[in-house]
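Subject: Structure for you to look through

Hello,

Here is the structure you will be working with. Please open it beside this email and follow along; my notes come after it.

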Amino acid sequence: MGFAENAVPFGLLGEHLGHSASPEIHAAFGNPDYSLYEVAPDALADFLKSPHLRGLNVTIPYKQAVMPYCAKLSPLAESIGSVNTLIRENDGTWTGYNTDAYGLRTMLRLAGLSFAGQNVLVLGNGGVSQTIQAVAKIDGAAKVSVASRRGVINYDNLADVCADTTFLVNATPVGMYPHAGGRLVDLHAFPMLSGIAEVIYNPCRTAFMLDADAMKIPYAGGFPMLVAQAKQAEELFFSRTISDEEMTAVGAELQRTCENIVLIGMPGSGKTTIGQKIAALTGRELIDTDEEIVRKYEKTIPQIFSEQGETVFRQMEREVIEEQSQKRGVILVTGGGAVTTPENESHLRSNGRIYEISRDLSLLACDGRPLSMNTDLQKMAEKRAPLYAKFSDVTIKNSTSPQDAAEAVWRDFCAYTRHQWTEPQSVGNA
């Protein structure tokens, strides 16, 4: 494998990297010379010989495979048996480091969680699992067990073998975009759980995390781990110190960029207008799920209701919401009845913070809305009120002007993302 003389000197090494946000994260820390390097296993040795490379992060499946190519290993990387950062020395050799450990500890600290005294069960036995196992033991876990597909503890017997688990960590790619929604275990099988952690960062909230949230189990997501390990990698790349305050600012801004703003509420409550105001305020793309339904199925909403009925429409709506929720950093405006399909909640929540737009019933617009024109709005509102409450993170009143409501949404959203980087994490993880 040959590389051009002007090859980017820093980057992420892996086999499949289409989902990675690493270039954006490293750019936020002041390093624009960072790229993605997808390398086949049989080309790894030649790739690492490229003299233009100065520093690399390493991901699946190479965290252990790169170790024989290192002339030196940091004590931590050697003890863990996993390398996720490579630094080229002046003599051309590689030194391997493990910055995942720092990222893992940061992720747990922000969520107010710790391995100390816990019976830890790690799902998966790859490179990041090695780090999790080592850190758990170093940080005082009472017991550390590992489950894998073909291990002594596997996904068929782990609920019986590890019934005393108090802390569960997913170190596999199951549930990662574009296959969001997958999960390896049912959390109900572990009655003693006091916390879970997830190394996946896309989507923002995996099915694993959403299950924990529904069960009121404290959880930690993978995005802070990604940002924190990148911070330490940048320190190694350039022999400089990055303050925790800078990391917090970078993390909060990146999270704000990644997460969606989702608007729900009664038909005619002003969601679309408020969404347009938020778009103007932030420069974000606005996606109206009703408009996406019309575009996808080439029929108006009244036509679909008239010709195929509400049941078919709700199925179309569910499919569109699932598709659009996988996008990141957008404004999603949903139809008033989206909350009547339970599956929509997890799709919308996976990458978004959900706002109910509330407005006095007497002010609701009904034109062009099949259900609103033929239904007692008071009864509809009473029936849907608990559903809006269940779906939403925050209720915003549209009582003065759409601009005021839009600004209220944005203020809350900015405060929410800042809070994700406080200690302990105080929003969205109660």
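Strand β1 (residues 10–14) and strand β3 (residues 55–58) run parallel and are joined by 4 bridges. Within this pairing, G11 stands opposite L56 of β3. Strands and helices here are DSSP runs numbered from the N terminus, a strand (E) having at least two residues and a helix (H or I) at least four. Two strands count as paired if DSSP finds at least two bridges between them.

Before going further, note that this is a predicted model: local features need pLDDT of at least 70, side-chain atom pairs count only at pLDDT 80 or more, and totals for chains, interfaces and linings use all residues. Residues are numbered from 1 along each chain as its sequence is written, and side-chain values use heavy atoms, with hydrogens and water left out.

The sheet

β1 and β3 belong to an open sheet of 6 strands with mixed pairing, in the order β2-β1-β3-β5-β6-β4. β2 (34–38) and β4 (70–73) are at the edges with a single partner strand each, so one side of each has no neighbour in the sheet. From one strand to the next, the twist averages 25°. Helix α8 (residues 223–238) packs on this sheet and touches β1, β2, β3, β5 (85–88) and β6 (94–97). The direction of α8 makes about 10° with that of β5; axes are lines fitted to C-alpha atoms, for helices over the stretch in contact, and angles run from 0 to 180 degrees between N-to-C directions.

Elsewhere, 4 bridges join β15 (residues 352–358) to β16, and these two run parallel. The bridge partner of E356 in β16 is T395. β16 (residues 394–397) has V394 and I396 on a covered face, while T395 and K397 are on an uncovered one.

The cores

In soluble globular proteins, nonpolar side chains tend to be buried together. A nonpolar core is a set of buried Ala, Val, Leu, Ile, Met, Phe, Trp, Tyr and Cys residues joined through side-chain atoms within 4.5 Å. Buried means under 20% relative accessible area, exposed over 50%, and partly exposed in between (1.4 Å probe, protein chains only).

The largest core has 23 residues, and L104, L108, F115, V120, I132 and F167 have the most contacts inside it. At least two of its residues come from each of α4 (100–110), β7 (119–123), α5 (127–138) and β9 (167–170). α5 gives the largest share, 5 residues. Beyond its neighbours within four places in sequence, L104 is in contact (heavy atoms within 4.5 Å) with F115, T131, I132, V135 and M225. A second, separate core has 19 residues, including V39, A43, A77 and L86.

Salt bridges

A salt bridge is a side-chain nitrogen of Lys or Arg within 4 Å of a carboxyl oxygen of Asp or Glu. The count comes to 19. In one of them, R183 and D211 have their closest N and O atoms 2.6 Å apart. The two residues are 28 apart in the chain, R183 in the loop between β9 and β10 (195–198) and D211 in helix α7 (residues 207–214). R183 is partly exposed at 42% relative accessibility, and D211 is partly exposed at 21%.

R314 and E317 also form a salt bridge, at 3.0 Å. They are 3 residues apart in helix α12 (residues 301–325), which means about one helical turn separates them.

Regards
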